[in-house]
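Subject: The two-chain model, with notes

Hi there,

Here is the structure I promised to pass on to you. Please have it open while you read, as my notes follow below.

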Amino acid sequence: MAEHFAEPVRQHLYSLNLGPQHPSTHGVLRILLTLDGEYIVEADPVIGYGHRGHEKMGENRTYLQFMPNTSRIDYLSGLLFNHGFCLAVEKLAGIEPPERARYIRVICAELNRISSHLLWFGTYLMDLGAFTPFLYCFDDRENILDILDRVSGSRLTYSYCRFGGVTRDIDDVFIEQTRAFVKRLRSRWKDYHNLVTKNVIFIHRTRDVGVIDKDLARRFGVTGPNLRAAGVPFDMRKVEPYEVYDRFDFQIPVGEKGDALDRYRVRLEEMEQSCRIIEQALDQLPDGPYRQERVRLKVKPPRGEVYFAFESARGLTAYYLVSDGSPYPYRCHVRVPSFGNLHCLTEVFRETLVADAISILGSIDIVVPEIDR
Amino acid sequence: MAAREEVVRRLQELLGEAALRPDEAYAQGVSWTVQAPAPSLPDVLRVFRDAGFYLESITGLDFKDTMEIVYHMNTYEPRSRMALRVLCPHDGEVPSATGLYDSALWQEREVWEFTGVRFSGHPDLRPLLLPEDMDERPLRKTFGTVHAYRKREEIYG
C-alpha cells in the first residue's frame, strides 16, 4: 500500500472530515483532509475538543490538589504523570522520599507503562482490522489494572504518588502478583509474535508506511518511541536518570527507518525492558518507610522554578513549575509528547493513502486529551 | 556535549557573556539559561538549530510588569537542555520561530491564544485549543481565579 505515484494528478480535490467521532482517532480528534482520489494532499488536524484548562487549574489549586489532575491529562499513563509531577515538586521543594518509596513508584510506573503499551497494541491492530489481538492484550492488561487497583484504589486515573512517598505500602501479595504477571506476559510474547509480527497482512500495512526520520522528528519535536524508532536512543530514563532508574540494567530499543513497523517493534521491545526493570526493582526492594511523614499537606516550595522532564509512555513529558513561595504554583505548564507527535503528521500524511493514514495515526500512539490538556 | 558547548560559545559571541548563566547542578532542569532581547531571537534560534537542537516547549509567563516567553531547547545528548528567556510587554510582539522550527507553528499558536503575545511573521495565527470565538486570554492573571499577580523580581529577584 505504500507505493506513491510519481506525479499525482490534481483534478478533483475534495475535503473529508476524519472524525471528530471516529473509532480510529482515539479520542475526539478531527482531521480535515484534502483528498485527490484516495491520496491525501493536505491534512489539518483540528484539536481542542477535550480542552479542560489543566494549566489554569494548576494555578488556582495547591500542589497536592493538582495531583488528581495529572492522571487525567493522559489517562492511559496516569501513574507516570503522577510520578513526574511528584518528582517535579520534590525537586522544587527539596523533599527526599525514602528509598522504599522510590522503588515502589518505579515498579508501579513501569506496570503502568506496560498497560499503556498493551492498550496501544490492541487498538492499533483493531484499526488495521485485526480483532483478536485486542482481546489477548486486554486480558493481559486487566491483570495490571487489578494489581494497581489493589494498591492504589483506582484502575485508570491514579493519585497514588505523594510528595515524599506513596499513599499506601505494597505487601507480599502485590509482589507475588507482579512477579506472576511478568512471568505470564513473557509467556505471551510468542503468541503475539506468531499472531501479529509475522502476519503478512500486518507487515504490508506497516512496512515503509509513515516514515518519521531523524530530521523530521527534530523539526517537529517528536519524542518517545516514535523518535527511537528512527534510530535515536533518546530516553529520559537513560539520558537524565531520575528516581532510581540508574540502578537498573535495561536497554533502549531503537529502530532503523522510523516506519510504522519500527514503531511497533520498539514498543513491543520496550514492554520487555519494563519487565526487566520491574524484576530488578522487586529484587532490590528495600525495607523501611514508604512515605516521608514530615511533609506538610500544603507544600510551600521556595521562590524559583523547575523544569522537570521524564519519560511517559508516549515520550518526553515535562512539568514546568514556577513558584512564588506560596502553596499555589504561579505557573504550571505541562509539555506533552503527543503534541509534537501529532503535529508531525501534517507532513507525514502528504501523498499517502487514506487507508495508510489510519495506520500511521494508530502507530504514533496519540492520546488526544493529553494534547488538549 | 559538543552541541551544547558550541551553542554556548556562539551565543556568548552574539549576546555577550552576561546573557548566559550556567547551572552545573541542573537544579532547575536546564544546563544554561540565556536571556535574550526580543529582536535577536531569530539569530539566537538559528544558532540552536544549526547545532542540532529541537524546540521542546514554549511557555508564556504573565507578570504584573512584563510578559516573559520561555523557550526550552534540547538536543539528544545528556543534560543539554537550555532555557531561552525573552521579555516582552503585555500587548507586545516577539519574532516567530516558525521559519526555523516547524514545531513552533502549533506551539506559538497555543502561547498566543492563551497569553495574547503575538508572534510576528507567523503564517497561520489562529486558535488551536480554544474555540474560534474565544476573546479571553485564559492564562493571563486577569482571567479567572488567581492567587497572586506578581512582578517579575518578586519571583526571580
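Two strands are taken to pair if DSSP finds at least two bridges between them. With that in mind, chain A has an open sheet of three strands, in the order β1-β2-β3, and the pairing is antiparallel. Please remember throughout that this is a predicted model.

**The sheet of chain A**

In this sheet β1 (13-18) and β3 (39-46) of chain A are the edge strands, each pairing on one side only. From one strand to the next, the twist averages 20°. β1(A) and strand β2 (residues 30-36) of chain A run antiparallel and are joined by six bridges.

**Helix α4 of chain A and its two partners**

Next, have a look at helix α4 (residues 99-127) of chain A. It packs with helix α5 (residues 132-152) of chain A at an angle of about 160°, the axes being 9 Å apart. Angles over 145 degrees count as roughly antiparallel, so α4(A) is roughly antiparallel to α5(A). The crossing in which α4(A) passes α5(A) is left-handed. On the α4(A) side, the residues making this contact include A:Cys108, A:Leu111, A:Ile114, A:Leu118 and A:Phe121, while α5(A) brings, among them, A:Phe134, A:Phe138, A:Ile144 and A:Leu148. Sorted by class, the contact of α4(A) with α5(A) has 16 nonpolar, four polar and two charged residues.

α4(A) also packs with helix α11 (residues 260-284) of chain A, again at an angle of about 160° and with the axes 9 Å apart. α4(A) and α11(A) are therefore roughly antiparallel to each other as well. Here too, α4(A) passes its partner α11(A) in a left-handed crossing. Among the residues in this contact are A:Tyr103, A:Glu110, A:Arg113 and A:Trp120 of α4(A), together with A:Arg267, A:Glu270, A:Met271 and A:Ile278 of α11(A). The contact of α4(A) with α11(A) divides into eleven nonpolar, three polar and four charged residues.

Over residues 127-373 of chain A, the chain is 49% helix and 12% strand, and the C-alpha atoms at the ends are 25 Å apart.

**The sheet of chain B**

Chain B has an open sheet of five strands with mixed pairing, in the order β1-β2-β5-β4-β3. Why is one side of β1 (20-22) and of β3 of chain B left without a neighbour in the sheet? Both stand at the edges and have a single partner strand each, so one side of each has no neighbour there. The twist in this sheet averages 20° from one strand to the next.

You can follow the pairing strand by strand:

- β2(B) and β5(B) run parallel and are joined by four bridges; B:Thr33 has B:Ala83 in β5(B) as its bridge partner.
- β4(B) and β5(B) run antiparallel, with seven bridges joining them; B:Ile69 stands opposite B:Val86 in β5(B).
- β3(B) pairs with strand β4 (residues 67-74) of chain B in the antiparallel sense, over eight bridges; B:Leu55 has B:Met73 in β4(B) as its bridge partner.

Helix α1 (residues 2-15) of chain B lies across β1, β2 (32-35) and β5 (82-88) of chain B, and runs at about 145° to β1(B). Helix α3 (residues 104-115) of chain B packs on the sheet, where it touches β3 and β4 of chain B, and its direction makes about 5° with that of β3(B).

An unreviewed UniProt entry lists residues 36-144 of chain B as "domain: NADH:ubiquinone oxidoreductase 30kDa subunit". Over residues 36-144 of chain B, the chain is 20% helix and 28% strand, with the end C-alpha atoms 31 Å apart.

**Where the chains meet**

Finally, the interface: 30 residues of chain B are in contact with 36 residues of chain A. On the side of chain B that touches chain A, β3 (54-62) and α4 (152-156) of chain B each supply at least two residues. β3(B) gives the most to that side, with six residues. By class, the side of chain B that touches chain A has 16 nonpolar, nine polar and five charged residues.

Best wishes

How values were computed
Residues are numbered from 1 along each chain as its sequence is written. Chains are lettered from A and ligands numbered from 1 in the order in which they are written. This is a predicted model: local features need pLDDT of at least 70, side-chain atom pairs count only at pLDDT 80 or more; totals for chains, interfaces and linings use all residues. Two residues are in contact if their C-beta atoms, placed from the backbone, lie within 7 Å. Ala, Val, Leu, Ile, Met, Phe, Trp, Tyr, Cys and Pro count as nonpolar, Asp, Glu, Lys and Arg as charged, and the others, Gly among them, as polar. Axes are lines fitted to C-alpha atoms, for helices over the stretch in contact, and angles run from 0 to 180 degrees between N-to-C directions. UniProt positions are given in the numbering used here, feature names are shortened, and annotations may be inferred rather than shown by experiment. Angles under 35 degrees count as roughly parallel, over 145 as roughly antiparallel, 65 to 115 as roughly perpendicular and the rest as oblique. A crossing is left-handed if the near helix is turned anticlockwise from the far one by less than a right angle, and right-handed if clockwise.
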